[in-house]
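Dear colleague,

I am passing on the structure below, and my notes on what was found in it follow directly after. Please read them with the coordinates open beside you.

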Amino acid sequence: MTARETGPVTQPVGPAVAARRRGPRVGVVVVVALAAVFFAYDLYEAITNLVLVPQDVRYQNNEFFDEVGVDGLAASPPWAALVANVLLPVVAWVGAVVVARRRPLWQVVLAFVAALALVGSVSLTITAYVLSI
Amino acid sequence: MTDPSPARPEAHKHDEHDERDERDEIDEHDDALSWGDERDASHVEGPAPVSQIGPEADDELPGGMSSASLVGHGVFGGVALLSCVGWLVSRDQFLLSFGGSAVDRVQTALWLLGVALAIVAPAVWFVTTILLVPQSRSSRRLLVFAVGAVALAPWPLVIGGGA
């Protein structure tokens with residue numbers, strides 16, 4: 001077989017193949033979007049906690065404690081934990097997107113499931129911490 | 001001191017003869033137990049020994065994983081399983097229900113999905129790390145294992161707060 005018969009090494013790429021190589025595949029987009037819904041719910045929970053926990057009654061009497069001179073009873077909301085809980089789903093989703101780049105679909109799914117499990121686990125840890133102090 | 005008996009030298013000669021015979025016999029046994037070398041007519045050159053394949057071959061098992069990495073996999077796999085058990089034990093403090101309306105039911109379902117994922121998270125992280133981080137990057141794999149072991153430990157068991 002001659003080189004002419006086998007054709008050139010770099011074959012011309014059709015428009016459909018080129019488009020598939022340029023953009024992400026449909027399956028990956030669906031998985032990423034579906035995962036985003038679940039991560040969005042985690043984000044919603046975290047924002048709800050960020051708003052509602054500081055309104056808890058135990059954080060409302062600080063001015064009174066200050067006036068009567070018992071500063072030791074004053075308590076401040078666990079801002080660091082609440083903010084970390086808000087950042088967690090966003091960071092995990094972006095991390096999963098970075099890890100899932102240029103991988104087969106099943107690995108993309110696995111990356112997002114692992115990231116979602118991480119968010120679920122760490123969120124419960126943060127919840128337990130906020131309620132324990 | 002007395003001289004040895006006249007029969008002694010003869011006996012000594014006998015002994016020497018016996019010893020030589022015995023040595024010949026032993027040599028034959030040794031030959032049977034050895035594989036021979038290049039000078040042997042039946043010698044066939046086999047593949048190079050494993051230890052000569054590469055510079056790190058001494059440290060590598062036939063599967064391509066170093067023994068330290070293998071031990072790391074075992075340790076972190078055990079930690080992941082124990083963490084799953086820890087989450088399973090502490091699940092009761094997180095089993096919530098938000099109410100009866102449709103929206104509340106969706107919220108409850110999503111919350112319980114989160115709890116279920118938290119229970120299996122250590123095992124999922126372990127398996128995902130093995131499948132997504134190539135075996136050749138064993139140090140990165142062990143690092144990801146370690147991050148998972150710390151982040152996904154059943155901390156609510158230690159902290160004690162309930163939802």
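Setting aside its neighbours within four places in sequence, B:W125 is in contact with residues of both chains, namely A:A114, A:A117 and A:L118 on one side and B:A80, B:G148 and B:L152 on the other. Please bear in mind throughout that this is a predicted model.

B:W125 also belongs to the largest nonpolar core, which has 38 residues, and there B:W125 is listed with A:F112, A:A114, A:A115, A:L116, A:A117 and A:L118 as the members that touch the most other members. At least two residues of this core come from each of α3, α5 (79-100) and α6 of chain A and from each of α2, α3 and α4 of chain B, and α6(A) provides the largest share, with 15 residues.

The axes of α3(B) and α4(B) are 10 Å apart, and the helices pack at an angle of about 170°; since angles over 145 degrees count as roughly antiparallel, that makes α3(B) roughly antiparallel to α4(B). The residues that make this contact are B:P122, B:W125, B:F126 and B:T129 of α3(B), together with B:R141, B:V144, B:F145 and B:G148 of α4(B), and by class they divide into 5 nonpolar, 2 polar and 1 charged.

Helix α2 itself covers residues 67-89 of chain B, 23 residues in total, and reaches 33 Å from its first C-alpha to its last, close to the 33 Å expected at 1.5 Å a residue.

Which part of chain B gives the most to the side that touches chain A? In the interface as a whole, 22 residues of chain B are in contact with 21 residues of chain A, and the elements that give two or more residues to the chain B side are α3 and α5 (155-159) of chain B. Of these, α3(B) gives the most, with 12 residues. Sorted by class, the chain B side has 17 nonpolar and 5 polar residues, and no charged ones.

Turning to chain A, there are 6 helices and 0 strands, and buried residues make up 26% of its 133 residues. Among the contacts in chain A with a separation of 6 or more, 72% are accounted for by residues 24 or more positions apart.

One helix pair in chain A deserves a separate look. The axes of α3 (residues 26-52) and α6 (residues 105-132) of chain A come within 10 Å and cross at roughly 5°, and the two helices are therefore roughly parallel to each other. In this contact A:G27, A:V28, A:V31, A:A35, A:F38, A:F39 and A:D42 in α3(A) meet A:L105, A:V108, A:V109, A:F112, A:L116, A:V119 and A:S123 in α6(A), a set that divides into 11 nonpolar, 2 polar and 1 charged.

Finally, A:L131 also lies in helix α6 of chain A.

With best regards

Key. Residues numbered from 1 in each chain as written. Chains lettered and ligands numbered in written order. Predicted model: local features only at pLDDT ≥ 70, side-chain atom pairs only at ≥ 80, totals over all residues. Helix = DSSP H or I, 4+ residues; strand = E, 2+ residues; numbered from the N terminus. Expected span 1.5 Å × (residues − 1). Contact = placed C-beta atoms within 7 Å. Nonpolar A, V, L, I, M, F, W, Y, C, P; charged D, E, K, R; others polar. Buried ≥ 20, exposed ≤ 12 C-beta atoms within 10 Å, placed from the backbone. Axes fitted to C-alpha atoms, helices over the stretch in contact; angles between N-to-C directions. Parallel < 35°, antiparallel > 145°, perpendicular 65-115°, else oblique. Core = buried A, V, L, I, M, F, W, Y, C linked by C-beta atoms within 7 Å.
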